[in-house]
Amino acid sequence: MGVFRPRADDPEDRSHKSPIDPVANAVKALRPGSRKPAPEPPDEPAAEPEPEPRSPLVDNAVYCEGDRLEPGSLEQTYELVRDRKGMGWIGLYRPDKAAIEEIAAEFLLHDLAVEDALEAHQRPKLERYGDTLFVVLRPARYVDPTEVVDIGELHVFIGPDFVVTVRHSESPDLRRVRRRMEEAPGLLGLGPEAVLYAILDQVIDDYDPVLRGVADDLDEIEAQMFSGDVAVSRRIYELGREVIEFERAVDPLLDMFDALRSGFEKYRVDLELQRLLRDAEDHAKRVSERIDAFKLLLNNMLTVNAAVVGQRQNEEMRRLTETSLNQNDEIKKISSWAAILFAPTLVGTVYGMNFDHMPELHWLFGYPFALALMVGVSAVLFFVFKWRRWI
């Protein structure tokens with residue numbers, strides 16, 4: 001959008017016009033010896049406004065008896081939580097230290113948990129600090145164009161009357177979790193623990209597309225392996241590494257559910273919420289079992305691929321050996337016929353020399369003897385090579 005500037009002949013433009021009347025200026029310019037007024041310097045281009053810093057606050061709401069209230073600021077959120085006895089749900093995306101420390105001071109979050117939430121790159125875990133739960137989850141998504149399993153990170157603070165989510169990756173989509181909870185007031189009325197269940201359930205549901213993507217990759221690798229593609233070994237290794245990272249994100253969930261289940265009675269968790277958490281735990285177990293099956297299949301693929309490569313190398317060596325043997329046979333044949341043809345050539349060369357004094361030069365049977373010697377030597381060589389199977 002351009003910046004508005006007054007025209008040069010605008011009487012309101014006090015910064016560019018002289019207070020002298022324009023007619024008087026023109027008359028003065030026509031007088032002899034008068035100097036021509038210097039041209040006005042061009043206007044400098046307006047500086048572009050600096051972009052506003054990105055706000056880490058992606059969603060902020062207070063839920064009172066199933067109704068969503070949207071405060072205008074975090075201060076209003078704190079007031080509504082205290083005055084209306086509602087549940088505050090604050091969503092952050094890659095916050096800075098100041099943003100998360102403000103929330104931590106209001107909800108009395110533990111310093112160690114806040115430090116973990118800022119640094120990220122944490123292993124999946126569940127820790128309790130008094131009445132506050134700190135949960136680290138590793139969501140995953142399958143990037144189909146590059147066939148890569150992308151592992152994200154999500155931190156969740158659960159308190160008696162608040163939920164704070166700190167997301168360090170694109171997944172999971174917590175808007176779906178909010179919509180699901182807002183469409184089920186009964187579930188939302190169970191409190192922050194129900195929100196934790198919904199987040200866990202969403203993270204585990206998002207593992208299903210990853211499992212399907214990995215399964216498709218395994219099918220492609222199997223076809224690639226038996227087609228003789230030499231690049232399949234690298235692909236097996238890379239997929240195996242991604243499956244191990246996926247396993248590190250999923251397996252700690254089983255310990256989390258054990259910890260949550262051990263506190264059902266102590267913290268008087270609603271019976272329906274207990275059932276929902278057990279269902280999510282069963283889903284997590286199925287995902288873990290699929291990952292174990294993938295690891296076993298990848299190990300078998302490495303073994304089979306090594307055997308296929310070894311078999312292919314043996315076949316290549318056999319073909320090279322057969323080729324070498326065939327070449328040796330051909331060389332033997334050529335050498336044998338060369339020796340047979342060399343014998344009469346040698347006799348003919350000796351008897352073809354023009355000397356006056358030479359044994360058997362004037363012998364009556366010299367010529368027949370030379371021919372007989374040529375044939376005889378050639379025949380002997382032929383039968384010798386035939387006996388040795390060189391011919």
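This report walks through helices, salt bridges and surface patches in a predicted model.

## Helix α7

Helix α7 covers residues 192-205. The helix has 14 residues. From its first C-alpha to its last, α7 reaches 20 Å. That is close to the 20 Å expected at 1.5 Å a residue.

This helix is mostly covered. Twelve of its 14 residues are buried. Among them are Pro192, Ala194, Val195, Leu196 and Tyr197.

## Gly213 in helix α8

Helix α8 spans residues 207-226, and Gly213 is found in this helix. Gly213 has a relative accessibility of 6%, so it counts as buried. The cut-off for buried is under 20% relative accessible area.

Gly213 can also be placed relative to Val149. The two residues are 64 residues apart along the chain. Their C-alpha atoms are separated by 8.6 Å.

## Salt bridges

The structure holds 21 salt bridges. One of them pairs Asp150 with Arg141. The closest N and O atoms of Asp150 and Arg141 are 3.1 Å apart. Asp150 is partly exposed, with a relative accessible area of 28%. Arg141 is partly exposed as well, at 34%.

Asp258 forms a salt bridge with Arg261. Here the closest N and O atoms are 2.4 Å apart. Both residues lie in helix α9, which covers residues 232-262. Asp258 and Arg261 are three residues apart, about one turn of the helix. An α-helix has 3.6 residues a turn, so residues three or four places apart point the same way. Asp258 is partly exposed at 34% relative accessibility. Arg261 is partly exposed too, with a relative accessible area of 32%.

Glu272 forms a salt bridge with Arg275. The closest N and O atoms of this pair are 3.2 Å apart. Glu272 and Arg275 lie in helix α10, residues 271-351. They are three residues apart, so about one helical turn separates them. Glu272 is partly exposed, with a relative accessible area of 39%. Arg275 counts as partly exposed at 45% relative accessibility.

Other residues are linked in a network. Salt bridges that share partners join Asp59, Arg68, Glu70, Arg178 and Glu182.

Glu79 is found in helix α2. Its relative accessible area is 41%, so Glu79 is partly exposed. Patch residues need over 30% relative accessible area.

## A nonpolar patch

A nonpolar patch also lies on the surface. Its residues are Trp363, Phe365, Phe369, Leu373 and Val377. Together they have about 430 Å² of accessible area.

Where does Val377 lie? Val377 lies in helix α11, which spans residues 366-387. At 31% relative accessibility, Val377 counts as partly exposed.

Notes:
Residues numbered from 1 in each chain as written. Predicted model: local features only at pLDDT ≥ 70, side-chain atom pairs only at ≥ 80, totals over all residues. Heavy atoms only, no water. Helix = DSSP H or I, 4+ residues; strand = E, 2+ residues; numbered from the N terminus. Buried < 20%, exposed > 50% of the residue type's maximum accessible area, 1.4 Å probe, protein only. Expected span 1.5 Å × (residues − 1). Salt bridge = Lys/Arg side-chain N within 4 Å of Asp/Glu carboxyl O. Patch = residues over 30% accessible without salt bridge, like charges linked within 9 Å, V, L, I, M, F, W, Y side chains within 5 Å. Areas by Shrake-Rupley, 256 points an atom, 1.4 Å probe, with all protein chains shown as cover.
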